[in-house]
Amino acid sequence: MKKDEVPQDESFLKEEHGKELCYAVDEEGNYTTALSSGWDVKTIALDNALKVIEERVADAKQRVLSGHTSPIEYYMEVCKMELPILASYVGMWQWRVKRHFKPSVFKRLSQRTLQKYAAVFDITVAQLQHIEH
């Protein structure tokens, strides 16, 4: 898009982060940077993505409270992680982390293992062990 056509729609990004840097084409056909205060299409896409994330977090929390999964899965969702990322951060195989999603296995985890997860999620071990209703 041309530099003078860079969208300047109002969005929550402007409130949070100011203006966003974009690439555009100047009058001479060269790529340059331009600032955008937002773009309606992008705002809609981000809103939809955030709703999906909120639903996944709420679902994981409900599953923890009903005893179907461990808090590890809940905090993984809160931190917007996928299983491969979490496994790499805690230095374990994916199958092992997934096994820790089982409440019966989670209850038997060592303090050292719980501390690894807590550090990755930037919470305390106590917070990891007890999800608030």
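Two strands count as paired if DSSP finds at least two bridges between them. In this predicted model, strands β1 and β2 meet that definition with six bridges, in the antiparallel sense. The protein chain holds eight helices and two strands. Buried residues account for 32% of its 133 residues.

**Overall layout**
- From the N terminus, the elements follow the order α-β-β-α-α-α-α-α-α-α.

- Strand β1 covers residues 20-25, and strand β2 covers residues 31-36.
- Their pairing is antiparallel and runs over six bridges.
- Y23 has T33 in β2 as its bridge partner.
- Five residues lie between the two strands of the hairpin.
- G29 in this hairpin takes a positive phi, near 85°.
- In a regular strand, side chains alternate between the two faces of the sheet.

**Positive phi outside glycine**
- K80 is a residue other than glycine, yet its phi is positive, near 55°.
- K80 sits in the loop between α3 (71-78) and α4 (83-90).
- The relative accessible area of K80 is 57%, so K80 is exposed, the cut-off being over 50%.
- D122 is not a glycine either, and its phi is positive at about 60°.
- D122 is placed in the loop between α7 and α8.
- D122 counts as exposed because its relative accessibility is 70%.

**The positive surface patch**
- Six residues build a positive surface patch: R96, R99, K102, R108, R112 and K116.
- Helices α5 (94-99) and α7 (111-121) each contribute at least two residues to the positive patch.
- K102 belongs to the loop between α5 and α6 (103-106).
- K102 has 48% relative accessibility, so it counts as partly exposed; that class lies between under 20% for buried and over 50% for exposed.

**The segment after α8**
- H130 lies in the segment that follows α8 (125-129).
- With 58% relative accessibility, H130 counts as exposed.
- H130 and P71 are 59 residues apart in sequence.
- In space, the C-alpha to C-alpha distance between H130 and P71 is 7.7 Å.

Technical notes:
Residues numbered from 1 in each chain as written. Predicted model: local features only at pLDDT ≥ 70, side-chain atom pairs only at ≥ 80, totals over all residues. Heavy atoms only, no water. Patch = residues over 30% accessible without salt bridge, like charges linked within 9 Å, V, L, I, M, F, W, Y side chains within 5 Å. Areas by Shrake-Rupley, 256 points an atom, 1.4 Å probe, with all protein chains shown as cover. Salt bridge = Lys/Arg side-chain N within 4 Å of Asp/Glu carboxyl O. Lys, Arg positive; Asp, Glu negative; His and termini not counted. Charge placed at Lys NZ, Arg CZ, Asp CG, Glu CD. Helix = DSSP H or I, 4+ residues; strand = E, 2+ residues; numbered from the N terminus. Buried < 20%, exposed > 50% of the residue type's maximum accessible area, 1.4 Å probe, protein only.
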